[in-house]
Amino acid sequence: MKMNGIWRNSISCLRIRKLPRRYQSGRHPVAPLGSRILTDPAKVFEHNMWDHMQWSKEEAAAARKKVEENSAVRVLPEEQVKYESEAYKYWDTFYKIHKNKFFKDRNWLLREFPEILPVDQKTEEKTKELSWDHVKTNAANGFSRKHCPTVPEEKHCEESSSLSDGQSEMESDFSKLDLEAHRKGPPETELFPGSKATFRILEVGCGAGNSVFPILNTLQNAPESFLYCCDFASGAVELVKSHPSYRAAQCCAFVRDVCDDSAPYPFPEGTLDVILLVFVLSSIHPDRMQGVINQLSKLLKPGGMLLFRDYGRYDKTQLRFRRGHCLSENFYVRGDGTRAYFFTKGEVHSMFCKAGLDEKQNLVDHRLQVNRKKQVKMHRVWVQGKFQKPLHLTQKSSKLVFSHHYHS
């Protein structure tokens, strides 16, 4: 009965709001992180993964000590230059060796990021199903907020607040046609791949397509949607294009170094509804991250969403690095020459807000991964965020200007 009440309240909120459903967000967004909670430590090895894990003081202290130890010796400056200038070569070699066998398909994407789906008649039922999954995690999310992890993090600004009632009333003054025309972005005078689509997605750092094909599979029921995907490893892009599920009519894969802001994209700025940035930013030099986010922000339509997920500070991957692999603070190089940075929630907030995006979700996902055969426990830490480009609606014919600004 209680769950049914939550569900009815959620539906009511969705009906009241005038913004597209995929942008609904409150002050404390639901964290779709799963609901497998470890309540009895004696049962820790009964499952491979536990959600919303609380770190003990001893575990937090041990993690800090490990990072201090493995970052004490830095990679020589001349070698660091090589890892930066030849980064694409290391990733190209990676995909030539592993092809599409290294990473599993990210079938969890639509559960964590339902914003990937366009909200229309053809995907309405799927969106309802995903929204129900989110409602079911409310109890687990409450547990997470109650038991805050003790791992130290940077201080960060207050999360974005929800729209005021006054703003919601203002929205009703505009017809659905006005909103639809606005969401389509600026007028398009030239044809480009996906120019006829009404909903456009870009995945940055697509690799061998472990996100591309789960998304394309879902978008089969939404022919008005188009997916762009890019990677700066040409070998990875070739793997995507040669995949039997690749459809040029609904997908455009291309080689692109997102750090190079002089190279053009195959579409105009301000035309994307969604940008997916999953385990990509961590491979970029920290000094270049802000520039990348600034550029990606320009590609979004007003109201468009940038969806982010990456390594968090003190993830087991960071703790496993040996001395001599640290490039700079919390930035490491693997044995194959690829690199990884480990974020805090505060760092993520700062970068995306500096790019002019409004924070809709920013959370740390703490999980406990278990190797039951070896009886080993490993803490996984990821940071997940959703950031929206402010919406500006102008109706010149009636001299009426309507704009939204979501303030952090």
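Buried, in this talk, means under 20% relative accessible area, with exposed over 50% and partly exposed in between, using a 1.4 Å probe and protein chains only. Helices (H or I, at least four residues) and strands (E, at least two) are DSSP runs, numbered from the N terminus.

What you see above is a predicted model, in which local features need pLDDT of at least 70, side-chain atom pairs count only at pLDDT 80 or more, and totals for chains, interfaces and linings use all residues. Residues are numbered from 1 along each chain as its sequence is written, and side-chain values use heavy atoms, with hydrogens and water left out.

I start with helix 14. In this helix, Lys-345, Gly-346, Glu-347, Val-348, His-349, Met-351 and Phe-352 are buried. That is 7 of its 10 residues, so helix 14 is largely enclosed by the rest of the structure. The cover over those buried residues includes strand 5, helix 12, strand 6, strand 9 (339–341), strand 10 and strand 11. Lys-345 counts as buried at 16% relative accessibility. Between Lys-345 and Leu-363 there are 6.5 Å in space, C-alpha to C-alpha, and the two are 18 residues apart in sequence. After helix 14 comes Gly-356, with a positive phi near 85 degrees.

Next, the sheet. Two strands are said to pair if DSSP finds at least two bridges between them. In general, the strands of a sheet pair through backbone hydrogen bonds, either parallel or antiparallel. Here we have an open sheet of 8 strands in the order 1-10-11-6-5-2-3-4, and the pairing is mixed. Strand 1 and strand 4 (251–255) are at the edges with a single partner strand each, so one side of each has no neighbour in the sheet. From one strand to the next, the twist averages 20 degrees; axes are lines fitted to C-alpha atoms, for helices over the stretch in contact, and angles run from 0 to 180 degrees between N-to-C directions.

Opposite Tyr-228 stands Cys-252 in strand 4. Helix 11 (residues 234–241) packs on the sheet and touches strand 3 and strand 4, its direction making about 160 degrees with that of strand 4. Helix 14 also packs on the sheet, where it touches strand 5 (272–278), strand 6 (300–311), strand 10 and strand 11, and its direction makes about 150 degrees with that of strand 10.

Now strand 10 itself, residues 358–371. How many of its residues are buried? The count is 12 of 14, so to speak a mostly covered strand. Strand 1 (residues 49–51) pairs with strand 10 in the antiparallel sense over 3 bridges, and Trp-50 has Leu-368 as its bridge partner in strand 10. Strand 10 also pairs with strand 11 (residues 376–388), again antiparallel, over 13 bridges. There, Leu-368 has His-379 as its bridge partner. Strands 10 and 11 form a hairpin with 4 residues between them, and Gln-375 in the turn has a positive phi of about 55 degrees.

On to the cores. A nonpolar core is a set of buried Ala, Val, Leu, Ile, Met, Phe, Trp, Tyr and Cys residues joined through side-chain atoms within 4.5 Å. The largest has 42 residues, and Leu-202 and Leu-281 have the most contacts inside it. Helix 12 (residues 286–299) gives the most to this core, namely 5 residues. Apart from it lies another core of 26 residues, including Phe-199 and Leu-307.

Last, the aromatic residues. Rings of Phe, Tyr and Trp (its six-membered ring) pair if their centres lie within 6.5 Å; planes under 30 degrees apart count as stacked, over 60 as edge-to-face and the rest as tilted. The structure holds 15 such pairs. In one of them, Tyr-83 and Tyr-90 have ring centres 5.6 Å apart and planes at 45 degrees, so the pair is tilted. Phe-331 and Tyr-341 are also a tilted pair, with centres 6.3 Å apart and planes at 50 degrees. Phe-331 is in strand 8 and Tyr-341 in strand 9, so this pair ties together parts 10 residues apart in sequence. Phe-331 is buried, at 1% relative accessible area, and Tyr-341 counts as buried at 8%. Which residues form one aromatic cluster? They are Phe-308, Phe-331, Tyr-341, Phe-343, Phe-352 and Phe-387.

Technical notes:
Contact = heavy atoms within 4.5 Å.
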